[in-house]
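The following note sets out numbered remarks on the model shown below. Please read them alongside the sequence and the coordinates.

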Amino acid sequence: MKTYEDLAGDGGSNIVDQVVSQREKLRGRLDKIKHKISIMSGKGGVGKSSMTANIAGCLADRGFKVGILDADLNGPSMCQLLGIDNKEKLNIDKEGVDPSIGALDIKVMSMDSLLPSPDSPVMWTDDGASAVWVSTMECTALRELLADTNWGELDYLLIDMPPGSDRIDNIRDLIPELEGVVEVTIPSALSQHIVSKSITKNNNLGVKIIGLIENMASYICPHCDEEGALFEGDDVKELSEKKEIPFIGRIPFDPRISKKSQSGKLFFNDFKDSITGKAISQAVDNILKSIPNT
Amino acid sequence: MKFLCIPCDEQMQTQTDGIMPAESKNISLKFKCPKCDHSIAMLTNKFETEFVSKIGVEMGGKSEVGSGPMSVVGTQLAEGKEELKNAAPTESDLEWTDEAKARIQKVPFFVRNMAKKTVINYALEKGITTIDAKLMDEVREKVGM
Ligand SMILES: [Zn+2]
């Protein structure tokens, strides 16, 4: 009787070829993007997404071609932050889906780009699917958002990760050449406790940590530039020393940063010369310094 | 996974037409021996079905439609933009009613195109130009399990 090895192919489905061609398609996309960087936070609500948007704004302001993959599948916010109208039609061709174009021509692919209205929930058709299956689905969704988007040539692709450290192993598998991760935290003890777990996980996975950003480090009054403390908390710089990762930025909170971009502009680009704007620019300097060949 | 016809010592081939799975999570795949025409069914449960669906591969080989962009996300999102969903059945000159379109979309991804082909072939054979739910029931009756 014939054995497994005696039989050529799998009976007509060519599953191996299909998986190989999935990988090749992804590779073709990624090869046109010079640098890929993930932005993570341990906890939600630390301003990670608006930090991602403003870092992108700063890079675009310096003349780089920038894209953002909104990997926060269940809480997408990039379209709002970059002033992208949900009603825009999707342009789909054989090769892929065109990304949405936001402020400063930043290219965005987000679940929001795919939903019919800004209020539509991200829901999969398998009602009653278990957590494991939802997770498998999200993993597939990430691959498709990355591989099936017509990104074109980019200098930087920023990946806005969901809160926590759940999807970073997927991203690392999809993008082995990832430059690394920027961790965002706020001075509160709880946020630092959780970001510290995220740092440990990345270390275990062998994902490089570009550095730690302390967001909402203080409050800047937009009228008089007076600075005051927002959180009673531990020193973030101390955490970065303890974890032996670079401390790359201390960003004071400016209430204008979280305003929805209705003008299609980002905080950074409207207020580049504000204290917070300058701090973002400096964090970007530090990120670029950590990446070879930039 | 490969299937062997023991009497013929021959690899069984995935049967790419004549299948019409229910829009459920338990589906069957047919394999046929090219020598003696004997066929067998592989039955999968909900988890096995979902698992294969989400890898984004298609049984019986990649199809034109299945190789379109965001083919899994586009069909698995409960609410998605029209443009995404439209990657659905448009090939050939046949009309699909909205109900028929919705039903074929519910067939698990990895066998959807085989099911589609089966319905289309049946319609062409009968000279029918509009595919509706009733026709799909007919096909199911004939070839389903
Ligand atoms: Zn046989």
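1. Two strands are taken to pair if DSSP finds at least two bridges between them. Helices (H or I, at least four residues) and strands (E, at least two) are DSSP runs, numbered from the N terminus. This is a predicted model, in which local features need pLDDT of at least 70 and side-chain atom pairs count only at pLDDT 80 or more, while totals for chains, interfaces and linings use all residues. Residues are numbered from 1 along each chain as its sequence is written, chains are lettered from A and ligands numbered from 1 in the order in which they are written, and side-chain values use heavy atoms, with hydrogens and water left out.

2. Chain A contains ten helices and nine strands. Its radius of gyration (taken over C-alpha atoms) is 20 Å, close to the 19 Å given by the globule rule for 294 residues, so chain A is as compact as a globular protein of that length. The rule is 2.2 Å times the number of residues to the power 0.38. Along the principal axes, the C-alpha atoms of chain A fill a box of roughly 85 × 45 × 45 Å.

3. Of the 294 residues in chain A, 53% are buried. Here buried means under 20% relative accessible area, exposed over 50%, and partly exposed in between (1.4 Å probe, protein chains only). Among contacts (heavy atoms within 4.5 Å) in chain A between residues at least 6 apart in sequence, 78% join residues at least 24 apart.

4. Strand β7 (residues 209–220) of chain A is largely enclosed by the rest of the structure, because eleven of its twelve residues are buried. β7(A) pairs in the parallel sense with strand β6 (residues 180–185) of chain A over five bridges, and A:Thr185 stands opposite A:Glu214. Strand β9 (residues 247–253) of chain A also pairs with β7(A) in the parallel sense, over five bridges; there A:Ile213 faces A:Gly249.

5. The pairing of β7(A) with strand β8 (residues 227–228) of chain A is antiparallel and has two bridges. A:Tyr219 has A:Gly228 in β8(A) as its bridge partner. The two strands form a hairpin with six residues between them, and A:Asp225 in the turn has a positive phi of about 60 degrees.

6. Helix α10 (residues 275–290) of chain A has 16 residues, and its end C-alpha atoms are 23 Å apart, in agreement with the 22 Å it should span at 1.5 Å a residue. The expected span is 1.5 Å times one less than the number of residues. Buried positions in α10(A) include A:Ile280, A:Val284, A:Ile287 and A:Leu288.

7. In chain B, helix α5 (residues 109–126) reaches 26 Å from its first C-alpha to its last, close to the 26 Å expected for its 18 residues. As 13 of these 18 residues are buried, α5(B) is largely enclosed by the rest of the structure.

8. Which residues coordinate the zinc ion? The donors are the SG atoms of B:Cys5, B:Cys8, B:Cys33 and B:Cys36, at 2.2 to 2.4 Å. Donors are N, O and S atoms within 2.8 Å of the metal (3.2 Å for Na, K and Ca); water is not among the atoms, so sites may look incomplete. The donor residues are spaced C-x2-C-x24-C-x2-C in sequence.

9. The zinc arrangement is tetrahedral because the four donor atoms subtend angles of 105 to 114 degrees; for four donors, tetrahedral requires all angles to lie between 85 and 135 degrees. B:Cys8 counts as buried at 18% relative accessibility, whereas B:Cys36 is partly exposed at 38%.

Methods: Tetrahedral: all angles 85-135°; square planar, octahedral: opposite > 155°, others 65-115°.
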